[in-house]
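Please have a look at the sequence and the 3D view that follow. Some strands and helices will then be taken in turn.

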Amino acid sequence: MSSLSRRNFMKLGMAGSALLASGEGLKSSALAGTMKLQMGGKDFSPKTGSERKAIPTACWSCVTRCAAMGFVEDGRLVKMESNPASIRTEGKMCSKGQSGLQDVYFPDRILYPMKRVGERGEGKWKRISWDNALAELGARMKKLRDDGHPEKFMFHYGRMKASSSKLIKSLFLKGYGTKTIGGHTSICEGGKWTAHELTWGGHYDNWDFDKTDFVLNFGSNVLECHTNHIPVSHRLIRAKVERGVRIVTFDVRLSNTAAKSDEWQPIKPGTDCAVILAMCNVVLNKGLYKGKGEAFMKFVRATDNHDASVADKIANLKKHCAKYTPAWASKISGVSASKIESLAVEYATAKSAVLVSYRGTAAHYNGNEAERACQMLASLTGNIDNPGGRCKAVGAGWEYPHLPKSSKAPVTKGLKVTAGHPDKGHPQHSAFPSHGMCQSVLKMIKSGHAGRPEIYMWYCYNPVYVNGENDENREIMKTIPYLVTSNIVYDESSKLADLILPDATYLERYDWEDMVDPNQIGEHYIRQALVKPLGESEDFGDTCIKLAEQMGFPLGVKSKKEFVQKSCDMTPGVKEAGGFAYMQKHGVWHPADKKPYYYRYKNVIPASATSKDGVIYDDSVGVYWNWKKTKAKSEAEAKKTGYTHTKNAAKGYVGQKIGNTVYEVFKPDKIPKTGYLELYSALMKEKGFNPLPTWMEAPEHKAMGSDDLILTTYKVAVHIHSRSSHRKWASELYHDNPGWINTKTAAARGISDGDRIKVKSRISEIETTARVTEKIVPGVIAISYHVGREESGRYGSGKKSPLGHDNDPDLKNMWWKTHGQHPNFIIPNTPDPVNGQQAWMDTVVKVTKA
Amino acid sequence: MGKTDTLSRRDLLKTGGAVAAGVAAAGLVPSVTEAAAKDARYAMVIDLRRCIGCRGCTVACKSEYGVALGRWSAVIKNVEFGKFPDTQKHFLPRLCNHCAGDAGKDGPPCVEKCPENSRGKRMKLGKTRYRTGATYKRPDGMILMDMQYCIGCYKCIEACPYGARSIDPFVKLDRSDKENDLGVGKCTFCQHRVDKGIAPSCVNTCQGGARIFGDLSDPGSEVSKLVKEFNLEKNRNKATLLPDEKTMPHVFYIDPSRILARYKIDKKTKEKEFSDHFE
């Protein structure tokens, strides 16, 4: 694309007409064939015709974090486009990326430090100075640190990636000494990643739409809201239209992705796992694994013997999947047996095929098993890490300045509240919560079994609103001694805070970025400030630098910008290209050879690597590993404890012996699996689960009455989970979220389109509006989140935020009066028992006319 | 235009340095052979197979112009039909059609009905002379407006059968003989970008590549090729909106699923219909 846009220089036959914009007559021709348009990279004011200043940067609306271009006119950011030089986006940007500039200018933005003066949640605030705000927070934090209890400072973040994450976690929080750090991944798709860590190690699967011949999609709304949205969505529709690639989408709802697919396969929520297992059954029984599937099985563990032959592996999987017949899955899922069979054949016999899965598959009680089943189906057909298949993702690797040794924390501790309850059998327990259990953090704090934080700070996160059981979240938060956040929006959680710091928006700060490249090459890109932070807002990264300085453990950089600059100047490749100066000018950098990575699992580990000091061989699993990189104290202890049970063993992983060769195969990440792609997981067996991917029905679904429905939630294309309702262009497009209900399901309850309805779960009840539609399976009610805001300013909730402004002339044009109803109030915080993923899509409800 | 031309022009740009408006100085403008000298005719082809309903265009347009809440220059309409499980949902992007107007007429209804349609400046585009006005047609087919001349009679809004025009709450009219206070807004094909060699904002952002913009008079352009391949001009009854109105739209649709035939615009609600609500 970059070369295209260079080529697409305009031919200036039409240049004269430019004068029109400035009110002068045309002096030259605007004739046929005289003009070739450049797709982007420049923009002009429609009023004055003058060129707007283009600054390369990166989006931060969703986690895709596309390389972007901001356009500034008279010091004001007026437009966001993509950066045409990005090989990920190829110059495209979604509506969310474009409405992002309203993060800067929405009239209810928090622009000054605010201290609570009323009761928690009462909404009474006073503006204070930064000096006072930092003095208050710093003193409280310092006392805990000096007392030897840094763990009583809890930090809980939502979106925090790349340089923001490194600076805040690896420098600031490390230097402070708290390990009480919670993430939000388990309320997103963390369970899918755990399933990856159990099977092929490090997470994230890239879907190679540019090269694939067939797309089989389970529960991903690729065209509206995937975590690598623009890079893959524009490639998916291109594959369909330009190469005739067939797309089949399983979804409970006719999403835009399902609508643009060649086939929409409606499916009962939580049953994707059954259909995928049945597809494995078909592939095994019809021998469709022969060829590339069979060849791939060499790198797969599928029996209790790590050294089993491929024939033994196939035989074991065949035996395991025998009960998962298409007829069996059909009864569970509502998808016909013949359809399951024909799609399995189509997937297995395509030259290359990509198996797509996301939250529709993963955010269930049985999500771990559904994702492991996906890995099994892809493995059996050889569609793993191959051109056109389900590939191990490639992102950009960055070097960055580390915490100075002199700033090391004297005490490092953590409260065990971030990954659920330790007792097996506890409702908030899971076996491998490798991405924490965000949704149970407040419950753990309430229970007090692992201690309670004195200070709870959250960042780019809204604990009350984004987890289930909103009412309970609010009540528990009120019991925590000190609450503080850095935020741009006055939301459901910040209204409870004792202190709110005004964060800079992503368009006013610096970062380096690294999100996955669908080309399997990798894109280094940066975010740079397009305008000066509004009011007294400040990048939270800079606030951390100041706080660390104040508490006596300087982070070694004076600003976030300096951190980013140094990273650019020390990262191989970027450095040689010109470092920070190059990145400021171009925004993106790619390696010159642009070599895509496939089949990395086939890399052979040389003898020199297995004979290195500290490397030992564990013949019970066939793994070479370096005990010195683990927590083992001696070689003897390492050998005795073995690879699987030595702490941090995965960090010492060297290679997997297969036959007489040692391969890199699939490196373990957070979970000490072997090097094989493990369809058979000895680790799961140890925890009492079936080692092979297995059907598990949600207990709630087993006990469903005939009148019950299942509540599912979903995202729409124009909003970002919980962070965009304040954007007027997003909320103008979507501000109400009636519950989708099938015509027959509605009729059985006497419900008509537009009726007010009650939706009641075992924990609570909400009232909303019915959208009676043919676009959803019977037996389900689907309610999006994003809206139903109690706060977030006038565009999101109709309510002015404290210290909000009236300086947006569009306020008087705001025409919508409804703001929707949030479904999370009635969704219990329930984990997948294997991986801790919040089971968003399983809630059993009764729906009645209000 | 030959390849050599292109190359030399590119070199010219490099040495000249200045791009866009700055190069407009007459001396730098290449001479086009008289034989090829035909006015450009801008048009858009919308490939409905490629539209995924993302609303990138809707917001790009809002952002480009700072369009007020409650009014739109680019929208997407959902067209849905069928019973579960054979339900279908399609997306239909809409904008001003930049109509040519029926044969024998000077322009489309909006221009025809504008009492101030030729009260503006005398201009020349290529070899063609024209005058601007409150609403006027440029020789290259763009339907443009100049609010210096608008009196706020809103006859153009009434005349447009598509509802593509609306009152712009951000434009105050200052003529002493005005009938109302506010001006009129609609899509301009991003004339301010196109005139400087940059694709319209909605085209730039369209991730499906569903919007293809260019010059119909240039047989080598992408729009010309598509119009030819899908027979869009001759088949305009099935490739444009409201063909019975004989407005000769220059926004063409590639529509293999026959979506246009299912989409109705009611005269009474045409303006309300020209709005965008994501479902």
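M44(B) faces V251(B), a residue of strand β11(B). Strands (E, at least two residues) and helices (H or I, at least four) are DSSP runs, numbered from the N terminus.

This is a predicted model, in which local features need pLDDT of at least 70 and side-chain atom pairs count only at pLDDT 80 or more, while totals for chains, interfaces and linings use all residues. Residues are numbered from 1 along each chain as its sequence is written, and chains are lettered from A and ligands numbered from 1 in the order in which they are written.

The open sheet has three strands in the order β10-β1-β11 of chain B, with mixed pairing. Its edge strands, each pairing on one side only, are β10(B) at 211–215 and β11(B) at 251–254. From one strand to the next, the twist averages 25°.

## A hairpin in chain B

Strands β4(B), residues 122–125, and β5(B), residues 128–131, run antiparallel and are joined by four bridges. Here L125(B) stands opposite T128(B) of β5(B). Two residues lie between the strands of this hairpin, and G126(B) has a positive phi near 65°.

## Two helices side by side in chain A

Now to chain A: how do α6(A) and α21(A) lie relative to each other? The axes of α6(A), residues 162–176, and α21(A), residues 540–551, come within 10 Å and cross at roughly 15°. Axes are lines fitted to C-alpha atoms, for helices over the stretch in contact, with angles from 0 to 180 degrees between N-to-C directions. The two helices are therefore roughly parallel, a label for angles under 35 degrees.

The contact involves S164(A), L167(A), I168(A), F172(A) and G175(A) of α6(A), together with G541(A), C544(A) and A548(A) of α21(A). Residues are in contact if their C-beta atoms, placed from the backbone, lie within 7 Å.

## An enclosed helix in chain A

Helix α11(A) covers residues 272–285. Of its 14 residues, 13 are buried, so α11(A) is largely enclosed by the rest of the structure. Buried means that 20 or more other C-beta atoms, placed from the backbone, lie within 10 Å of the residue's own. After α11(A) comes G287(A), with a positive phi near 70°.

Key
Expected span 1.5 Å × (residues − 1). Buried ≥ 20, exposed ≤ 12 C-beta atoms within 10 Å, placed from the backbone. Pairing = 2+ DSSP bridges. Parallel < 35°, antiparallel > 145°, perpendicular 65-115°, else oblique. Contact = placed C-beta atoms within 7 Å.
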